[in-house]
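Good morning, and thank you for making time for this presentation. Please have the sequence and the structure in view while I speak.

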Amino acid sequence: MSTINLPLNLTVRVHPVVLFQIVDAYERRNNDSERVIGTLLGSTDKGVVEVTNCFCLPHKEHTDQVEAELGYASDLYELNQRVNASENVVGWWATGQEVTNHSSVIHEYYARECTNPIHLTLDTSLTGARMGIKAYVCVSLGVPSGKSGCMFTPINVEVTSYEPEVVGLQLCMKTIGLQASANRPRTVSPMLDLAQVTEASGKLLTLLGEVLAYVEDVLSEKQQPDNTVGRALLDLIHSVPNMSGDQFAQMFNSNVKDLLMVVTLSQLIKTQLQLNERLTSLTSFLN
């Protein structure tokens, strides 16, 4: 049994694209498969394991053994290395809410592929009306000159995202509540840049209204003050540049002009590419 020495205060940060890929693999599983497993890709730095990608590992679980296509996993990892060499194997994932008897056998394989692998479970059965996510490390147990084993110990796990992923998640959230029909599928399209600025400004005004209401309630002694909120508001005020209304308007208009210029140039480039494609097709047809 592979032994590891990991601090139990290890933190796992999972990106949304990983969760989407796991759910997609679960939905595409074979009818006779109770759960799906796969490889986690990412990086490890200063006690933080950041999981940015993953892929599915075809396998079959029997009562006394596990069959997995390890060659497929190696080939897929090599192909991913050509695209993103910074993503390394950091562990493995499985659907379900519990660690099974076969988990230790699968963990042995990943202990050979990377140092100190983590195990991530995602409850795709939606127990308790939520998709639970847990992370584990394998801690060795035993006595000197005796039998040894391992125990999966829970560690901290959180969902994090890059700014582009936040935009995608916000777009996906807009599909909640939409009723799909033959004439109107349950889809949404990305908004234009100016529309996104308008929407963000509206949300900012709403948040400012909530903050002002809280401050007014505290000043009128309708609500007890919170020191944590007060410090956060003080940091927020200090982070705002000290400028007049005219200076802010000038800066905003300048940024809007830059945005419009970028949009115009992108449209011109798109038009030139389409024109070049049609001219090339026409030339090939004439020849």
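Let me begin with a term that I shall need: a residue counts as buried under 20% relative accessible area, as exposed over 50%, and as partly exposed in between.

What you see is a predicted model. Its mean pLDDT is 86, and 92% of the residues reach 70 or more.

Now to the overall form. The protein contains 7 helices and 9 strands. Its radius of gyration is 26 Å, well over the 19 Å that the globule rule gives for 287 residues, so the protein is more spread out than a compact globule. Along the principal axes, the C-alpha atoms fill a box of roughly 85 × 80 × 40 Å. Of the 287 residues, 23% are buried. The accessible surface comes to about 20,400 Å², and carbon and sulfur atoms account for 55% of that area. As for contacts with a separation of 6 or more, 58% of them join residues 24 or more positions apart.

Let us turn to the interior. In soluble globular proteins, nonpolar side chains tend to be buried together. Here the largest nonpolar core has 21 residues, and those with the most contacts inside it are Val12, Leu40, Val51, Trp93 and Ile118. Which elements each supply at least two residues of this core? They are helix 1 (16-27) together with strand 1 (11-14), strand 3 (48-57), strand 6 (88-95), strand 7 (118-122) and strand 8 (133-142). Helix 1 gives the largest share, 5 residues. There is also a second, separate core of 12 residues, which includes Leu41, Ala73, Ala94 and Cys114.

Val51 deserves a moment of attention. Leaving aside residues up to four places away in sequence, Val51 touches Val12, Arg13, Val14, His15 and Val18, as well as Leu40, Leu41, Gly42, Val90 and Ile118.

I come now to charged pairs. Side chains of opposite charge can pair when their charged atoms come close. A search of the whole structure finds 4 salt bridges, and I shall describe some of them.

Arg13 forms a salt bridge with Glu158, and the closest N and O atoms are 3.1 Å apart. This pair links distant parts of the chain: Arg13 lies in strand 1, whereas Glu158 lies in strand 9 (residues 148-159), 145 residues apart.

Next, Arg28 forms a salt bridge with Asp24, with 3.0 Å between the closest N and O atoms. Is Arg28 buried or exposed? At a relative accessible area of 65%, Arg28 is exposed, while Asp24, at 37%, counts as partly exposed.

Finally, Glu199 forms a salt bridge with Lys203, the closest N and O atoms being 3.8 Å apart. Both residues lie in helix 5 (residues 193-219), 4 residues apart, about one turn of the helix. Glu199 counts as partly exposed at 28% relative accessibility, and so does Lys203 at 43%.

Thank you for your attention.

How values were computed. Residues are numbered from 1 along each chain as its sequence is written. Side-chain values use heavy atoms; hydrogens and water are left out. A nonpolar core is a set of buried Ala, Val, Leu, Ile, Met, Phe, Trp, Tyr and Cys residues joined through side-chain atoms within 4.5 Å. Buried means under 20% relative accessible area, exposed over 50%, partly exposed in between (1.4 Å probe, protein chains only). Contact means heavy atoms within 4.5 Å. A salt bridge is a side-chain nitrogen of Lys or Arg within 4 Å of a carboxyl oxygen of Asp or Glu. pLDDT is the predictor's confidence in each residue, from 0 to 100. The radius of gyration is taken over C-alpha atoms; the globule rule is 2.2 Å times the number of residues to the power 0.38. Accessible areas come from the Shrake-Rupley method with a 1.4 Å probe; for residues, only the protein chains shown count as cover.
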